[in-house]
Amino acid sequence: MNAINRHEQNALSRAVLEIDVNNHPGVMSHVVGLFSRRAYNVEGILCLPLDDGSRSRIWLLVNEDQRLPQMMKQVGKLEDVIGIRRHNADHAVFQNLENFFRG
Amino acid sequence: MTDTLNGAQITIRLLERQGIRTVAGIPGGAILPIYDALGQSSIIHHVLARHEQGAGFMAQGMARASGQTAVCLASSGPGATNLLTAIADAKLDSIPLVAITGQVPKAMIGTDAFQEVDTYGLSIPITKHNFLVSSAEELLEVIPRAFELAASGRPGPVLVDIPKDVQMQVIDIGEWPAPGRRQPPPEPDGWALSEAAAMINAAKRPILYLGGGVVHSGASGQAVRLAEKAGLPTVMTLMGLGAMPVDHALSLGMLGMHAARYTNLALDECDLLIAVGARFDDRATGKVAAFCPQAKIIHIDIDPAELDKIKTAHIGITADVDAALLRLTPAVAENRRTQWLQRIADLKSEYPLVMPEQDNPLSHFGLIRTVAACLDDEATIATDVGQHQMWVAQAYPLRRPRQWLTSGGLGTMGFGVPAAIGAALAEPERTVVCFTGDGSILMNIQELVTAAEEGANVKIVLMNNATLGLVHQQQTLFYGERLFASQFKSTPDFVKVAQGFGIAAVDLDQAANPCAALMEAINRPGPCLIHASIDAEQKVYPMVPPGAANRDMIGA
């Protein structure tokens with residue numbers, strides 16, 4: 001872990017998922033449940049409502065894994081998921097958050 | 001015209017408008033308003049199960065036999081948790097089900113109220129989708145949507161949790177929503193279909209691999225036409241049995257863990273596998289890396305997540321399989337495939353499925369074959385889970401889609417009796433046979449009284465070896481014959497138990513002429529238990545040991 005810096009680690013082995021969902025109670029459980037049942041850790045989550053609040057956008061930071069394409073298909077099948085896009089780990093959304101995550 | 005109704009009455013009216021005529025369930029405090037409304041319905045017949053899991057499997061039996069979405073009801077808390085196994089079973093076998101549960105009033109949710117459980121949270125991973133309804137108005141949207149979701153795409157169970165105060169909330173309804181219907185599936189990709197046709201035409205040793213999706217899609221006839229035109233030997237999964245008559249010249253029967261040797265050996269040699277509505281389940285494939293090792297793969301499924309999940313397909317087609325086969329068949333060349341079919345014939349004669357004692361109705365295969373001889377293809381065959389299930393899958397001449405009702409993916413002991421009752425209620429003109437074991441039947445035996453109450457035309461063939469047969473078999477073969485917890489030291493008198501529940505019963509062990517006694521029991525209308533003792537040392541053979549390649553089968 002110490003041999004490569006955090007940024008390199010991200011670039012090597014992580015992906016960012018952008019998921020548009022209907023905004024009502026339980027949707028987050030549906031999404032993250034697909035990961036937890038496969039013992040697939042979610043490293044980071046950001047979520048806020050969009051526009052009028054009827055939809056939300058969930059950003060997930062996950063490890064790259066050979067299961068990721070299947071995970072994305074499973075997420076895409078959820079009734080409350082409108083769309084899912086995959087980005088590289090260097091996507092800006094999880095950057096500059098260090099101040100909120102100091103021990 | 002405006003109707004003024006409460007949420008419960010709205011729910012029942014929406015079920016009526018969906019075309020629901022029979023529901024199974026058990027009332028309880030949190031669903032009493034719905035039961036009050038249901039009691040006033042002159043259209044819907046309510047079947048009172050004796051355990052909510054029984055209600056869930058009755059609904060499954062209705063759905064599996066008819067292909068139509070079926071409904072089960074339960075109260076909150078234990079009512080809902082008792083339903084979960086039947087819902088999970090429907091998820092794994094893609095059965096369209098709408099489960100409606102009562103919930104404590106909204107204001108009490110989260111207070112650990114009496115009979116409160118997080119039904120929504122519990123049902124997330126085992127449903128296709130679920131709803132917690134927060135107002136009576138919402139029911140007008142949610143109930144039709146639940147039916148649309150259950151039946152569209154890959155079918156599955158949908159749960160609707162309705163708090164008691166929502167059931168009692170009175171609103172005015174101006175216009176009723178249209179019933180929820182199956183949405184048209186995506187059109188198959190024409191380019192991929194023509195590539196698939198070219199691959200079939202170029203293949204020397206192709207095999208068609210039919211799964212439960214073929215049955216769900218109503219594609220059996222089209223699958224047989226494709227096989228006949230292109231000369232395709234055809235294997236079926238446990239869920240696909242009946243898609244092609246098992247005695248069709250091109251049928252290789254069931255593949256996988258308990259397939260005939262010739263079936264798995266043919267797959268080992270194939271150069272093209274055409275998977276249709278099948279999901280490469282581990283019981284079908286054995287060790288995946290060694291499954292059809294020489295084959296290119298065409299995979300057609302309505303669920304895009306099934307493509308490339310276990311095996312990477314050379315051509316993957318997301319489509320309703322009936323629509324895809326309808327377009328694929330004209331594009332493939334007529335081919336008699338003499339060489340390959342000769343090779344298949346040689347494998348069949350060299351490595352046949354051995355079924356000893358077929359003429360002895362008190363042997364496992366003999367009993368199954370004798371039952372089959374008493375019936376025609378109109379009969380519906382249900383099973384429980386265990387050795388008997390595999391023997392029936394191997395030996396019963398299944399020839400019709402939806403003839404065969406079995407718990408495939410979840411493998412739920414206790415499935416058989418209530419599913420058979422549900423099938424008999426959905427199609428009262430048919431005789432429904434349920435093969436079961438002494439382990440399985442005890443897991444939902446309380447539904448015998450439901451069968452009696454409904455006069456359901458179910459014949460329960462109990463193959464009693466006083467063991468948990470598949471456990472006994474695995475302990476014998478793979479755990480150094482250390483038999484533990486697989487032999488029952490006490491067994492009930494099943495004939496008396498059945499009679500005590502109010503249904504006829506016959507013991508073939510005691511019959512002077514077992515064949516005649518069996519035929520008489522099957523032909524007598526109404527429910528009947530047919531008991532026969534079988535040898536506990538009999539194994540389901542051949543068998544692929546867990547984790548092994550399908551070519552490495554053991555036993556007969």
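1. B:Thr234 belongs to strand S10 of chain B, which covers residues 234–236; strands (E, at least two residues) and helices (H or I, at least four) are DSSP runs numbered from the N terminus. The model is predicted, so that local features need pLDDT of at least 70 and side-chain atom pairs count only at pLDDT 80 or more, while totals for chains, interfaces and linings use all residues. Residues are numbered from 1 along each chain as its sequence is written, and chains are lettered from A and ligands numbered from 1 in the order in which they are written.

2. B:Thr234 counts as buried because it has 25 C-beta neighbours inside 10 Å, the cut-offs being 20 or more other C-beta atoms within 10 Å for buried, 12 or fewer for exposed, and partly exposed in between, with C-beta atoms placed from the backbone. Beyond four places in sequence, its contacts (C-beta atoms, placed from the backbone, within 7 Å) include B:Leu208, B:Ala227 and B:Met244.

3. Chain A has three helices and four strands, following the pattern α-β-α-β-β-α-β along the sequence. Of its 103 residues, 17% count as buried.

Note on methods:
Contact = placed C-beta atoms within 7 Å.
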